[in-house]
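Hi,

Here is the structure for you to look over. My notes follow below it.

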Amino acid sequence: MRFLPHTDDDRQSMLATIGITDMRQLFTDIPGEFHISKGNLQLPEALSEAAIVRKFTQAAERNRHAGNTRCFLGGGTYHHFVPAVVDYVISRGEFLTAYTPYQPEIAQGTLQTLFEFQTMVARLLGMEVVNASMYDAATAVAEAALMAKRITRKSRTVVAVSVNPRCREVTRNYLSQQQGECVEVACADFSTDVDALVAAIDDQTASVIVQYPDFYGSVYDLTPLREACDAHRCLLVVTFADASAFGLIEAPGCFGADIVCGSGQALGIPMGFGGPHIGLFACRQKHVRQMPGRICGMTEDLDGKRGFVLTLSTREQHIRREKATSNICSNQGLMCTANACYMTLMGDSGLEQVARRSAAALQKLLGGLPEYVKTAAGAHYNETVLSFADEKTRQHFLSVARENDIFAGIALEQMMAGADARHLLVATTEMIDEQDVDDYIAALEAIR
Amino acid sequence: MSANAYSATRGLQHEEPLLFEREHKAATAIALPGVSGEIAASLFAFVRKTPARIPGLSEPETVRHFVRLSQWNHGIETGFYPLGSCTMKYNPRVNEQIVRLPGLAYVHPEQPQDSVQGVLALLFELQQWLGEIAGLPHVTLQPAAGAHGELAGMMMIRAYHDARGDNKRRKVLVPDSAHGTNPASAVLAGLNTVEIKSAANGRIDLDALKANLGEDVAALMLTNPNTTGMFESDIGEICELVHRAGGLVYGDGANLNALVGIARPGDMGIDCLHINVHKTFATPHGGGGPGAGPVAVNDLLAPFLPVPRIEKNGDVYQIICEGEQSIGAVFGSLGQTGVLLRAAAYIAAFGCNDLHKIAEDAVLNANYVLARLKDVYHVPFPGLCKHECLLTDEWQERHGVKTLDIAKRLIDLGMHPMTVYFPLIVHGAMLIEPTETEAKETLDTFCDAMLEIAAQCEAGDTAILHDAPLLPFRRRLDETQAARKPVLVWNDSGFSS
């Protein structure tokens, strides 16, 4: 077997050192009734490397993908450009095959990268401190809700329905294991109903959770929410789906958010059918000891040279066990490296260009829509909802678009049970060019 | 073997400043595609007033920055990495290649199901394989890591009891040797933990277990082999006792590498098991993640599995979103697909013929290391170990040398240290897990190093141990300062944040 270096001679000589003669004697502590016969598992025969490549290539070729279509799908996952350098850097064995940096002297590469990641994410989100990642946006939002309950010692959570439904569901499921109420506040016409949220916050409310830009791509002023939170000593939690937005629009931190969390997938990570992505998690300095997850900090070595270590670990499960702030151990470490490398290649101006082009593609699309397609009101970054007269018209359009290699949007009810089956959630990125938009509009014209 | 067989040297090492300390001139390193027209006027009011201050570097500078940083890291590709309970085995390069196929890397999770049949087929097949390996046929791929799998499992167990109207069961028994994630996950599922003291032989104390079983017990969380590297040979009786008391047994699959292809947790009476594919099935650890922690369950718990999940209907793979008794979603998608596909490729490479060889060679290697070191290092629980062996610093401490010193000395000799000070139930623990992908030559180099360190202790030649490490890029780092005055982001004015 190509991953196993021993020869049979090696094995015999090692068994002799141990003082036994047969490999089976290594397992005499497992009661005989539990031993399975060799080769008896219902698994296929072993494949050679070439056969594995063939198997996976054949499966991959059965999928359509953003490389051979035009992808207008969003809803939490976005087809942004990923420079080759990002994939090269995260393929380096020293980053790829290292464990969590528990021995900092020989993990300074991972640790300095984490520190740079934390700093850049903090700046992008306008926040004070950032952890070394959560699994994804949904679990990050759930952890934010739990963190807010710990900080405020209050039990009620208010969530806007304009938060991504997957994030809402995971948050609801996490919260349902604990005492306390989780209230969802309806939205108005594909935008966040700030007034209704303000009205829903009371003195028992630990946090109000909103998405910005929201699930429908709508951008809005968070100031009234900050004021309502202050009035009720409640935390403002802001989540986001496409972190590229903050290259252009005001960061959530600028509105005084207490916790900002969401997906970093847009920053150099391919869509990969849902993972691995990354959950970004930021908060205020004063709450850092209630934050979940690993954190990298700066220090010095014995010679006074600057170095980095994992820190504030007394919050974590390996020290605090049942009293830890979270159970998270493995996180999305390598994806932090991807985010850091991506942001370094982009810089402020590159991030702004990505955002402007993502937004400009949507603007061009909206400008060319035939009249029979209705659009959501308000300011939108790179995502919005198109509405058709009925389900039949929408499905007709989707199939015509598909014939032209366009994935034209996500049927809203696919992500949001109960939504009217005539809406389409549409997203654009810098990977959509003028021709793609023209072809999209042509498909809409074709079914008129 | 002579000492100069050890591989660490001071090679050409570059200091590399933080990105924020460099001069930034390049506008952007990247020429972007896309639409370069106007943005909507309605967005103007929301445009950032100040830039984020993300420093941009040109492409050559970016590559050099991160390559230099990478060179300060030790990875499994660089050298031996015997971290106990972490299963640091070789990560096949072909698995990196296949997940980058465009038809897998650039697939959107909300694409129409008929356009993703290829990836669904691979994931469904993996569900079947993991169920077969665990002896627990129903599998969710959603959990993103081992601890996340524990949470999903405990939520299912809680839902199972509640569905039977048995809603007084809120107590979870956790051995004191367990990973810290176990109690933390139980609490996150709204349950209370009770710690079960280990017996003098490092295994579950059956009397202590019996004393804690009752109508309030939801589950026992058990790692088998446990974190001392020993197999819980009473596993059949343990599961029976818990079941008889109305509880379920949760298996922490972190140590599945010792059993894979040899024996199945489901056959032993485990009801629910998470599988750390980043351990047993060789997906890279990435400096902390991503992992994946699929959970396999028996028929009792199947109705409670998270949705969405993948089912096969004739020749068509379907994503099922409804489940009357399901605990719902615990993750934003079907799972960490890229990680899961690497695991599938690893299992495919061994197949039914060779899968057991993983456990055989892993257990052989751990017992070989134990055999070579047991006369010079204290072995708290003598006997056969499984995929990892546990030593302590008891005999070295008499010479003023602690586990930490031994670990740091190994760095100077070119190896990653073992897991130190875990499990918590022995003083000065050194938990060594060589894995099956290490050659005898590597194990011998490690054992020689450990013997040399022990000899230096005996000879009183301990300065070199206390001062270690001397060779790497940084010496011992001040963790107290880092925690007392946390500097977590770079502030241009320097050390205060």
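Pro175(B) has Ile196(B) as its bridge partner in strand 3 of chain B. That pair belongs to a set of 5 bridges joining strand 2 (residues 171–175) of chain B to strand 3 (residues 192–196) of chain B. The two strands run parallel. Strands pair here if DSSP finds at least two bridges between them. Strands (E, at least two residues) and helices (H or I, at least four) are DSSP runs, numbered from the N terminus.

Before the rest, a caution. This is a predicted model: local features need pLDDT of at least 70, side-chain atom pairs count only at pLDDT 80 or more, and totals for chains, interfaces and linings use all residues. Residues are numbered from 1 along each chain as its sequence is written, while chains are lettered from A and ligands numbered from 1 in the order in which they are written.

Back to chain B. Strand 2, helix 6 (residues 181–188) and strand 3 of chain B make a right-handed β-α-β unit. Right-handed means that, with the strands pointing away from the viewer, the path from the first strand over the helix to the second runs clockwise.

Next, strand 9 (residues 279–283) of chain A. Of its 5 residues, 5 are buried (20 or more other C-beta atoms within 10 Å of the residue's own; exposed is 12 or fewer, partly exposed in between; C-beta atoms are placed from the backbone). Both faces are covered. Gly279(A), Phe281(A) and Cys283(A) lie on one side, Leu280(A) and Ala282(A) on the other. In a regular strand the side chains alternate between the two faces of the sheet.

Strand 9 of chain A has these antiparallel pairings:
- Strand 8 (residues 259–263) of chain A, over 5 bridges. Ser263(A) is partnered with Gly279(A).
- Strand 2 (residues 129–130) of chain A, over 2 bridges. Val130(A) is partnered with Ala282(A).

Now the interface. 173 residues of chain B are in contact with 176 residues of chain A (contact: C-beta atoms, placed from the backbone, within 7 Å). Helix 11 (residues 337–373) of chain B gives the largest share of chain B's side, 23 residues. By class, that side has 94 nonpolar, 54 polar and 25 charged residues. Ala, Val, Leu, Ile, Met, Phe, Trp, Tyr, Cys and Pro count as nonpolar, Asp, Glu, Lys and Arg as charged, and the others, Gly among them, as polar.

Last, His399(B). This residue is in the loop between helix 12 (394–397) and helix 13 (403–412) of chain B. His399(B) counts as partly exposed because 17 other C-beta atoms lie within 10 Å. Leaving out residues up to four places away in sequence, His399(B) touches Cys457(B), Glu458(B), Gly460(B) and Thr462(B).

Best wishes

Technical notes
Two residues are in contact if their C-beta atoms, placed from the backbone, lie within 7 Å.
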